[in-house]
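Dear colleague,

Please keep it open while you read.

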Amino acid sequence: MEKYNVIVIGSGPGGYIAAIRSAQLGFKTAIVERYTTLGGTCLNVGCIPSKALLDSSEQYYNALTKFKAHGINIGDMKLDFTQMIKRKAEVVKQTCDGVAYLMKKNKIAVITGHATFISPKSISVGEQTFEADNFIIATGSKPSTIQGVTIDKQRIITSTEALSLKEVPAKMVIIGGGVIGLEIGSVYARLGTKIQVVEFTDKIIGNMDSGLGKELQKVLQKEGFEFYLSHKVSSATVKDNEITVTATDSQNKTLTFTGDYCLVAVGRKPYTENLGLDKAGIKTDARGFISVNEKLETGVTGIYAIGDVVRGVMLAHKAEEEGVFVAETIAGQKPHIDFNLIPGVIYTWPEVASVGQTEEQLKQKGVSYKTGGFPFKASARARASMDTDGFVKVLSDSKTDEVLGIHIIGPRAADIIGEAAVAMEFRASAEDIGRICHAHPTYSESLKEAALDAYDKKPLNL
Ligand SMILES: Cc1cc2nc3c(=O)[nH]c(=O)nc-3n(C[C@H](O)[C@H](O)[C@H](O)COP(=O)(O)OP(=O)(O)OC[C@H]3O[C@@H](n4cnc5c(N)ncnc54)[C@H](O)[C@@H]3O)c2cc1C
């Protein structure tokens, strides 16, 4: 029986980063993955393929709707959707191969197969058994559904199938107005699909600052999205390749939506199937997440869990930070993660990005705060690129001026939020950000302006 210092179960961003850091710290490390390609949800059916298709569809949409204004006439344009999907598959393959290379480079043993605990110190993978001093569970998540909606993977689909369709749907009904539904909806809306989003709550992207959701809804409506908020879906059925989704609105009126595909994007659930948690004595909470303490250790000494399978936001970079954290904890170091400063991004266009507290959270906690804002329509850089939708919002403590939250909807918001996270890690004040020299003309100047607005209501360009 082969024995390791650390065995990581699952090769998503949490698992493969945990394995690399463990190997870097001198541990004899193995990683187990049930699929033949490494990279988990993120690389195979999540972050990477969705961004590849978002980029392709954005190019197409811009060529169709914006090039003319830039003085570029390209005549008759044709969409080659098969090529678009093929390019996405190539990007995924390159990225997954990159992880395989990193495993080799760091001398990490890759074990292919489904891992099941047989005791707190050992697992079986097929016919083989492996022992380790420490296990890091990084088994991730799977799409969930709601009562009355059975996913058939043909017409009633999850994000996984939506990223590999063989045709551009004429009409897609999306259940759920969260990040995954809106990103995939954006891909297809840009390619000409009529998108109808049916959402249970009264807003989209409900866990972000509410100003962002309102603005995003406005922009997506201009792209042709239809939103049905406060609608509770009760069923989804398929007949002759047509789907019908039934929902009731807040007045209890029943509505039906038809289309050729129904995308179920109502969230994801932790995945621990056949992991043998009971054999190791590992507990889960009421929602199926593996219970961990502040060191990400389960109730069993030497068994840790990270990423989507434990509490917290389901994001690749959160899983990665936890992977590093656990490897360093096993090595006796004292790592730190500020879970308040994990940025969240939605890759629609304009992008949406956020870090820190939302205005709603500050109100709820009774924190006294100041607000600063700057609209992209006042940005010269945004005017040059014709990307004037959106704004930056800075929230800072009304007594100390410390930045408490930064919320952006606008061009390259996903990149600007990096500066916001750095500033907040170093506990910057709004004045600090406002006094930092930003290159001109850049989208990031809008963050400086919003910070000045939060500091003393004297932005320079508004
Ligand atoms: C469409 C979509 C788009 C997304 N876009 C983004 C984005 O832009 N940015 C972002 O931060 N996040 C994004 N996410 C979320 C992101 O993919 C997840 O948060 C991230 O993958 C979680 O990483 P993880 O390591 O915890 O688990 P996963 O990536 O889910 O990996 C878990 C791995 O464990 C393997 N496994 C499970 N059980 C076993 C077992 N018993 N034995 C062996 N192997 C096992 C699985 O096969 C899988 O490969 C997106 C998700 C989706 C679905």
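A nitrogen atom of the ligand lies 2.9 Å from a polar backbone atom of alanine 115, a polar contact here being a pair of N or O atoms within 3.5 Å, where within protein one must be able to donate a hydrogen and the other to accept it, and residues adjacent in sequence count only if both atoms are side-chain atoms. The protein covers 95% of the 1,000 Å² of accessible area that the ligand has on its own, with areas taken from the Shrake-Rupley method with a 1.4 Å probe and, for residues, only the protein chains shown counting as cover.

Please bear in mind that this is a predicted model, in which local features need pLDDT of at least 70 and side-chain atom pairs count only at pLDDT 80 or more, while totals for chains, interfaces and linings use all residues. Residues are numbered from 1 along each chain as its sequence is written, and side-chain values use heavy atoms, with hydrogens and water left out.

To return to the ligand, a polar side-chain atom of threonine 41 is 2.6 Å from one of its oxygen atoms, and a polar backbone atom of arginine 34 is 3.2 Å from a nitrogen atom of the ligand. There are 39 residues around the ligand, of which Glu33, Thr41, Lys51, Asp308 and Ala316 come nearest; a residue is near if one of its heavy atoms lies within 4 Å. This shell divides into 17 nonpolar, 17 polar and 5 charged residues, where Ala, Val, Leu, Ile, Met, Phe, Trp, Tyr, Cys and Pro count as nonpolar, Asp, Glu, Lys and Arg as charged, and the others, Gly among them, as polar. H2 gives the most to the shell, with 4 residues; helices (H or I, at least four residues) and strands (E, at least two) are DSSP runs, numbered from the N terminus.

Turning to the backbone, a cis peptide bond with omega of about 0° joins tryptophan 349 and proline 350, and proline 350 lies in the loop between strand S18 (344–346) and strand S19 (351–356). The bond from histidine 440 to proline 441 is also cis, with omega near -5°.

Methionine 386, although not a glycine, has a positive phi of about 60°, and this residue is partly exposed, with a relative accessible area of 34%. Lysine 457, in the segment after H14, has a positive phi near 60° and is exposed at 52% relative accessible area. Buried means under 20%, exposed over 50%, and partly exposed in between (1.4 Å probe, protein chains only).

With best regards
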